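Colleague: I am new to this structure and would like to go through its aromatic rings with you. Could we take them step by step?

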Amino acid sequence: MSPLPLVSSMRVRFCREPLRLRVFGGESAAGPGARTLRFSAVARILLLGSTGFVGRGVAHKILDLGHQLRVLVRDPMKAAAFKVRGAQVVVGDALNPETVVQAAQGTEHIISLVAVRRNRPQSYLAVNVDGPRIMGQAAMAAGVRSVVLVSAIGAKLDPHYKYWTSRWMGEQELAKTGVSGTILRFSFILAEEGGILDDFQRALRGPFAIIPGSGQSKIQPILREDAARCIVETVSRPELLGHIIELGGPEVVTYESIFDWFLQARGIKKAKLKLPAPLVSIPAIAMEAVMTNPPITPDEVSMLQSDNLAAGIDSVSSQFGWRPTAPSSWAPNNWAKRQGIRAGLGR
């Protein structure tokens, strides 16, 4: 039987384990009498957000696994590395409904990584909320078999967390389109550059390495390479349709521990200074009002005080059958490799 149609109420309860959502339409690959969906071994995939922090890893993983890749980008030069490897590059805006429909023609699956963590220059509403709806509607119009939306652990309707609320609203907007799809929520994603490293870099102020709050919030970081593998493998897993799946790495660590990995790998000798969250929030409000790229926003201060954990320490292995790399053993070498970019930083 097919999943139940979209429920109009926003009071859908999300549990801490893979969830068979009632908010997704489309075919179900599980349950008595279900018609099994057969996905191609070589899939035709449209990737939205391919030039971003996570998108770069996903694009190359799609090509590594032998799938046919099409990317929709505003700047084709940023997609040159994909084109060299055989990807089809389409120029356009992933927030333009007509453009996404055209780009989706002839593809079987859409993966979306389009999101913003801060509310400008593009707004949460335009990107995190409207973006998933635009993708879902385009997928329906183009006859795409399934979509994968990459979201974030912590996504929930809560006015205290603007970013997480916007991600939850985006999930709901996607559901309303009736498309068959899977939502993957990740904990912190780590790579050799970008992401949380940019946050750590901005935290180096004067003689101190500043930690907002206690630094003891629990996090389950996962490497970008492993997150990308999960995302691409989801395309060939019809049994995951209609689920929200929370994923993280094989370790639970604190925010301060990850910061320590960074400081030690880069040889930075600055003393750590922990500032109470309310004390950080006050200047963060002022900086957000006047700066294009402030060191931290009030919303980020709030989120850093909350645990960010997946649905179990074995969330990846239970869903995909393999164990991700432990970031604690990966970070010392891989973050140290970029030490020469800013010689003498913090020494």
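Colleague: Are W330 and W335 buried or exposed?

Modeller: This is a predicted model, and in it W330 and W335 form an aromatic pair whose centres are 6.0 Å apart, with 80 degrees between the planes. Buried stands for under 20% relative accessible area, and on that scale both W330 and W335 are buried.

Colleague: Why is the pair of F200 and F259 described as stacked?

Modeller: A pair of aromatic rings is described by the distance of the centres and the angle of the planes. For F200 and F259 the centres lie 4.6 Å apart and the planes are at 15 degrees, so the pair counts as stacked.

Colleague: Which helices does the pair of F200 and F259 link?

Modeller: F200 is buried, and F259 is buried too. The two residues are 59 residues apart, and their pair links distant parts of the chain, namely helix α6 (residues 196–202) with F200 and helix α8 (residues 255–266) with F259.

Colleague: Which residues form one aromatic cluster with F200?

Modeller: A search of the whole structure finds eight aromatic pairs, and one of them is the stacked pair of F200 and F259. The cluster that holds F200 is formed together with Y255, F259 and F262.

Colleague: What is the mean pLDDT of the protein?

Modeller: Confidence falls below 50 over residues 1–36, and it stays under 50 over residues 339–347 as well. Across the protein, 85% of the residues reach 70 or more, and the mean pLDDT is 88.

How values were computed:
Residues are numbered from 1 along each chain as its sequence is written. This is a predicted model: local features need pLDDT of at least 70, side-chain atom pairs count only at pLDDT 80 or more; totals for chains, interfaces and linings use all residues. Side-chain values use heavy atoms; hydrogens and water are left out. Rings of Phe, Tyr and Trp (its six-membered ring) pair if their centres lie within 6.5 Å; planes under 30 degrees apart count as stacked, over 60 as edge-to-face and the rest as tilted. Helices (H or I, at least four residues) and strands (E, at least two) are DSSP runs, numbered from the N terminus. Buried means under 20% relative accessible area, exposed over 50%, partly exposed in between (1.4 Å probe, protein chains only). pLDDT is the predictor's confidence in each residue, from 0 to 100. Contact means heavy atoms within 4.5 Å.
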